[in-house]
Amino acid sequence: MLTFTAGALLGLASAFIVNAQAPAEGWDYIVIGAGASGIPNAVRLAERGNKVLLLERGGPSLYDSGGRFQIADWMKGYNLTSFDVWSMTPMAGRSRGDPSDPVYCSQVTELAACILGGGTAVNAGQHFRPPNRYWDKFYPDGWKAKDIFEANEEVSKRCPATYVTSTDGQEYHIEIYPVLKKIFQGMNFTEVSIAGEWDKKEKVFGRDVFYTYKGQRGGPLRGYYLDRPKNEHLTLQLHTKVDNLIRENGVITGVNATFNGQRIIYKSKAVVLAAGVFGTSPLLFNSGIGPKDQLELASKLGFNHYIPSAWIESPVGRGVYDNPTITVQIDHPAAQLYNVTDIYYNPQDPMKSQLLVNRTGAYTFYGRVLVMFWDIPVGDTIIGAQTICSPSASVDKRISCPWYVGEGILSNADVVYTADGKISWSGNPYFSDPKGLDITAAATSLRDFLAAGIKTDPDFKVVAPDPKTYDISNIESLKKYINSTRTGNNHWQGSTKLGTDDGTKGGQAVVDTNCKVYGTDNLYITDAGIAPRMTTGNPVWMIQVFGEKCAERIHESRKKGPVCIPRPPKGYIKV
């Protein structure tokens, strides 16, 4: 059995992390953003012999990465922060006692993690491999399922998915699973191993799966970076804010950054953007790359210093997707309260001791028990529905099953600057498609699930939608409920789409099949923005695949013909 004592893991990663300033030049690649795609991309480029500088705006998160904040008093001496502990995931999204290390980017109106690991350091850790059909349906040649296979396998090897989070192999707080299993089986769903039978995503359910490492949070920070063999080709620098790219026409020569309050130009043969939908888009706007209206606004705000004749007009930020989320709550006597929000302040034994000493017990589990995938035919298309069910964290005898639609959704919005310089979105990304297909898929699937629950189990009592206010057997009534209560899920994708239709020539794609930004010679994007359409389930697996596959495509494409790098301009070209 594993036993953890004070200092057992201290220093594992510290030798790999640069706390002093890295050299300002001599890099083959600068990768901006150490999250779900940036870490795999930087590691894999370095493993191919390239000299890589990985820049991250925030500080460390996991204890083994140097994280030393968000540590409750009872955790001290056991090499854990809130980021490491699954049951403390809600706390990992809140800065505590260290204002110099904010978790989220202050310039972004949505939740965009500015911390080592990005969203994978603070999210719930669901880890769903997209089915082959997703790649074959939405991606161009070179990115079909057969082309992505090796990248998928590498992600599986370095960040495997599992439903067992405790190191003793035991499961905790799964009392609701048999209840829901009976309902879905009555609807002719098939129970599958979500990790092992990953290609089955139609009318299936199973145990929820996570990127777990020895009873605590894993993910790309662990699987790709902390557990890798030391590689002198890769340097990570934290607390580095990149403001814009330095370019001469389509050739990027470096980045303008701030480190420890000092303005620095880092020079490189190529630059990779992996800062996420709300990080990469403004970097491009600030560098004179994007839609005309955003370049004009960025200039007015003082962020874009390139003159209009140097702009590269491209549909950056256009047509971004997110999962709409619908609240669904059911009362059932089998459900047992799992108050994860109280663990930081009021942990209970024996769960506390089990976690600290052996990484076992209920506190190694976040509480998400069952996941379901379902294809809903609507109009001339198919839209994927999904739910993830958990025992309530606030009400005893209650089940929470937030309802989503994802793969195939049509509603989208645009990433934009606000008048006061924040980065946000405009339009309506939730249930706004002209034909109403997204909301029809959501209402139809929800109606059928609630009806099956009521029919199958006399103890199944619907709380939300409230049957006293809404007719839960009527699609139009459910649509009213959905429109009045829906929220987002922070799974943003599609702001810098990958494709063959060059966006600088009227198409929709921002990057080509080598992940290179159209209109440039040596600028690449690897984050969730390159997804042409919404993925199946939570996007972390897909984003890691982007990091993997883009590393391959970037390296191979640049081997065929190096870019001639001119001297960088002196300073900025003022408007």
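**Figure 1. Surroundings of Thr 360 in the predicted model.** Residues within four places in sequence are left aside here; beyond them, Thr 360 is in contact with Ser 166, Thr 167, Asp 168, Gln 354 and Leu 355. Thr 360 itself sits in a loop, with α9 (351–358) on one side of that loop and β17 (370–378) on the other. Its relative accessible area is 6%, and Thr 360 therefore counts as buried, the cut-off being under 20%. The view also takes in Lys 214, which is 146 residues from Thr 360 along the chain. The C-alpha atoms of Thr 360 and Lys 214 are separated by 9.0 Å.

**Figure 2. Phe 449 in the largest nonpolar core.** This core has 172 residues. Trp 135, Trp 143 and Phe 449 are the residues with the most contacts inside the core. Not counting residues up to four places away in sequence, Phe 449 touches Leu 180, Ile 183, Phe 184, Met 187, Ile 330, Trp 403 and Phe 460. Another core, of five residues, lies apart from the largest one, and its residues include Ile 246, Leu 295, Ala 310 and Trp 311.

**Figure 3. The crossing of helices α5 and α10.** Helix α5 covers residues 176–186, and helix α10 covers residues 437–456. Their axes come within 9 Å and cross at roughly 110°. An angle from 65 to 115 degrees counts as roughly perpendicular, so α5 is described that way relative to α10. The crossing of these two helices is right-handed. On the α5 side, Leu 180, Lys 182, Ile 183 and Phe 184 take part in the contact. They meet Phe 449, Ala 452, Gly 453 and Thr 456 of α10.

**Figure 4. The crossing of helices α10 and α11.** Helix α11 is made up of residues 475–485. The axes of α10 and α11 come within 9 Å, with a crossing angle of roughly 115°. The two helices are therefore roughly perpendicular to each other. α10 passes α11 in a right-handed crossing. From α10, the contact involves Ile 439, Thr 440, Ala 442, Ala 443, Thr 444, Leu 446 and Arg 447. From α11, the contact involves Ile 475, Leu 478, Lys 479, Ile 482 and Asn 483.

Figure 5. β14 pairs with β21 (residues 413–417) over two bridges. Arg 318 has Asp 414 in β21 as its bridge partner.

**Figure 6. Helix α1 and the glycine just after it.** Nine of the 10 residues of helix α1 (residues 38–47) are buried, so this helix is largely enclosed by the rest of the structure. The buried residues are Gly 38, Ile 39, Pro 40, Asn 41, Ala 42, Val 43, Arg 44, Leu 45 and Ala 46. Just after α1 comes Gly 49, with a positive phi of about 95°.

Figure 7. Most peptide bonds are trans. Pro 350 is in the loop between β16 (329–331) and α9. The place of Pro 465 is the loop between β23 (461–464) and α11.

**Figure 8. Positive phi at His 239 and Asn 490.** Most residues other than glycine have a negative phi. His 239, however, has a phi near 55°. It lies in the loop between β8 (234–237) and β9 (240–248). With 35% relative accessibility, His 239 counts as partly exposed. For Asn 490, phi is near 60°. Asn 490 lies in the loop between β24 (487–488) and β25 (523–525). Asn 490 has a relative accessible area of 33% and is partly exposed.

Note on methods
Residues are numbered from 1 along each chain as its sequence is written. This is a predicted model: local features need pLDDT of at least 70, side-chain atom pairs count only at pLDDT 80 or more; totals for chains, interfaces and linings use all residues. Side-chain values use heavy atoms; hydrogens and water are left out. A nonpolar core is a set of buried Ala, Val, Leu, Ile, Met, Phe, Trp, Tyr and Cys residues joined through side-chain atoms within 4.5 Å. Buried means under 20% relative accessible area, exposed over 50%, partly exposed in between (1.4 Å probe, protein chains only). Contact means heavy atoms within 4.5 Å. Two strands pair if DSSP finds at least two bridges between them. Helices (H or I, at least four residues) and strands (E, at least two) are DSSP runs, numbered from the N terminus. Axes are lines fitted to C-alpha atoms, for helices over the stretch in contact, and angles run from 0 to 180 degrees between N-to-C directions. Angles under 35 degrees count as roughly parallel, over 145 as roughly antiparallel, 65 to 115 as roughly perpendicular and the rest as oblique. A crossing is left-handed if the near helix is turned anticlockwise from the far one by less than a right angle, and right-handed if clockwise.
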